[in-house]
Amino acid sequence: MKKIMTIAVCSLMLASCGLYNKYERPDVNTQGLVRDIQNDGDTLAVNTDENFGNLPWREVFTDPQLQALIEQALENNVDLRNAALNVKMMETALTCAKLAFLPSVAFAPQGTISQVQMDGASVSRTYQLPIAATWNVDLFGNLLSQKRSAQMKLLATKDYQVVVQTNIICGVANLYYTLMMLDEQLAIVTDMEQLTKETWEMMQLQMQLGRARSTSVQTAEANYYSVQAKKADLKRQIREMENSMSLLLNEPGHQIARGQFYNQNLPTEFSTGVGIQLLSNRADVHAAEMALAQCYYNTETARSQFYPNVKITGTATFTNSLGGSIVNPGKWILSAVGSLTQPIFQHGQIVAGLKVAKAQQEQALNTFQNTILKAGNEVSNALLAYNTCDEKSKLDEKQVDIYKQTVEDTKLLYTSKGSTYLEVIQAQNGLLNARISKVTDDFNKMQAVVNLYQALGGGSK
């Protein structure tokens, strides 16, 4: 009865000190994380049934050439390989933490040979074959909290692997769309180069006929060179983007096969599912919480240092040396020792260790809360960028139509001597800039889809 009462009292004391408590998510407000794109004072409604970030990346990026590049990057990328190796290391560390609950066993055989040089020389041989097992009794949760801390670190490392994977997928997609955008702009500039060249040649002919001044010819020539300069700059940017893509693929720089800019088919309607879905999908948010949980268990480990360390050691020795006599065959000697070490004065190291662990836990909580706010901010910005670029693209299309008509009208006026060719050149420049602006805004809209997918934790499937 006394033993039962003792066990009950000990259990109550352990429960009250909280050494065996499990981590619980702190109260973090996840409502209103994303601002409404229309009203400044409103936040986006939460849809927990669907989430754009839950879509597999192959359903978002449907271009076969882009899919092949993403698969190649996921297979060859050095950062992702290193992240996978980090996961293996953390799995090994967790295995070690689990094995700490088992006794440690050591086998240390030894033998001696002694000879006495007397009239009747005698030789004695003794041997010992000891096996010792030592078991740390985890009465105060020290080993348990260390194991749980290792589990949280493993989960955070796996989250980091997902973050790297998502970054690679979205990075390849953004570079791919950038290359196609530059291709489209290069095609526009090439068309404009031919047009400005024809204009320059026409102006030279007009000057020979006495219908144009030399300044008009010079202006047309300068406009032609300006377009050529834009073309050279675009070619440089394309080469740089191809080199960046090759680096993601872990390959030397080379030409990247790609499709047509306006043949891409990306989603246009999004269900963001912000709130608790954001916590479950965003690998970096989950990693920040796992870091907080790890710090929580590190605090529990530091707290357990104030309690006794209980150790049981058992030894089994097969030996022929029994005190002052030698017997053959040998005999077994069995022993068991229990020890308890209670820290009393450790130069303040235990107290300092607990204070440091608590401070680190508070830092991890601050980081977790900030990561959630950052995630909501990224979703807000991506949604706003998509809608803004979509609106600008429609306005750019109207501008392109207007400038096309302006170019035709100014040409007709010039042939009827109703205007100078400078107006024609100005209209051509306006058309060039409007077409490039439309391509840029359409690209930014594509990029906003990629960024939104990434902000919602996409790419893990």
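Helix 8 and helix 9 (residues 349–415) pack with their axes 8 Å apart, at an angle of about 165°. Angles over 145 degrees count as roughly antiparallel, and helix 8 and helix 9 are therefore roughly antiparallel to each other. The model is predicted. The chain has 461 residues, of which 38% are buried, and its secondary structure comes to 10 helices and 5 strands.

**Helix 8 with helix 9**

- Helix 8 passes helix 9 in a left-handed crossing.
- By class, 15 nonpolar, 6 polar and 4 charged residues take part in the contact of helix 8 with helix 9.

**Helix 5 with helix 8**

- Helix 8 (residues 283–304) also packs against helix 5 (residues 142–208): the two axes come within 8 Å and cross at roughly 165°.
- That angle makes helix 5 roughly antiparallel to helix 8.
- The crossing of helix 5 past helix 8 is left-handed.
- On the helix 5 side, the contact is made by Asn142, Ser145, Gln146, Arg148, Ser149, Met152, Lys153, Leu155, Ala156, Asp159, Val162 and Val163.
- On the helix 8 side, the contact residues are Ala283, Asp284, His286, Ala287, Met290, Ala293, Gln294, Tyr297, Asn298, Glu300, Thr301 and Ser304.
- The residues of this contact between helix 5 and helix 8 divide into 10 nonpolar, 9 polar and 5 charged.

**Helix 5 with helix 6**

- The axes of helix 5 and helix 6 are 8 Å apart, and the two helices pack at an angle of about 160°.
- Helix 5 and helix 6 are therefore roughly antiparallel to each other.
- Their crossing is left-handed.
- The contact of helix 5 with helix 6 contains 21 nonpolar, 13 polar and 8 charged residues.

- Leu195 is in helix 5 and has a relative accessible area of 22%, so it is partly exposed; the cut-off for buried is under 20%.
- Leaving aside neighbours within four places in sequence, Leu195 is in contact with Lys411 and Gln428.
- Leu195 and Gln428 are 233 residues apart in sequence, yet their C-alpha atoms are 8.6 Å apart in space.
- Asn223 is placed in helix 6 (residues 214–248) and counts as buried because its relative accessibility is 8%.
- Not counting residues up to four places away in sequence, Asn223 touches Thr196, Ile425, Gln428 and Asn429.

- Leu383 lies in helix 9 and, at 9% relative accessibility, counts as buried.
- The C-alpha atoms of Leu383 and Asn451 are separated by 9.0 Å, with the two residues 68 apart along the chain.
- Leu422 is found in helix 10 (residues 421–455) and counts as partly exposed, at 41% relative accessibility.
- Leu422 and Thr410 are 12 residues apart along the chain, and 9.4 Å separates their C-alpha atoms.

**A loop residue with positive phi**

- Asn250 is in the loop between helix 6 and helix 7 (276–281).
- Phi of Asn250 is near 60°, a positive value in a residue other than glycine.
- Most residues other than glycine have a negative phi.
- With a relative accessible area of 38%, Asn250 is partly exposed.

**Whole-chain figures**

- The accessible surface of the chain comes to about 26200 Å², and 54% of that surface belongs to carbon and sulfur atoms.
- Of the contacts in the chain between residues at least 6 apart in sequence, 81% join residues at least 24 apart.

Definitions and conventions
Residues are numbered from 1 along each chain as its sequence is written. This is a predicted model: local features need pLDDT of at least 70, side-chain atom pairs count only at pLDDT 80 or more; totals for chains, interfaces and linings use all residues. Side-chain values use heavy atoms; hydrogens and water are left out. Helices (H or I, at least four residues) and strands (E, at least two) are DSSP runs, numbered from the N terminus. Buried means under 20% relative accessible area, exposed over 50%, partly exposed in between (1.4 Å probe, protein chains only). Contact means heavy atoms within 4.5 Å. Accessible areas come from the Shrake-Rupley method with a 1.4 Å probe; for residues, only the protein chains shown count as cover. Axes are lines fitted to C-alpha atoms, for helices over the stretch in contact, and angles run from 0 to 180 degrees between N-to-C directions. Angles under 35 degrees count as roughly parallel, over 145 as roughly antiparallel, 65 to 115 as roughly perpendicular and the rest as oblique. A crossing is left-handed if the near helix is turned anticlockwise from the far one by less than a right angle, and right-handed if clockwise. Ala, Val, Leu, Ile, Met, Phe, Trp, Tyr, Cys and Pro count as nonpolar, Asp, Glu, Lys and Arg as charged, and the others, Gly among them, as polar.
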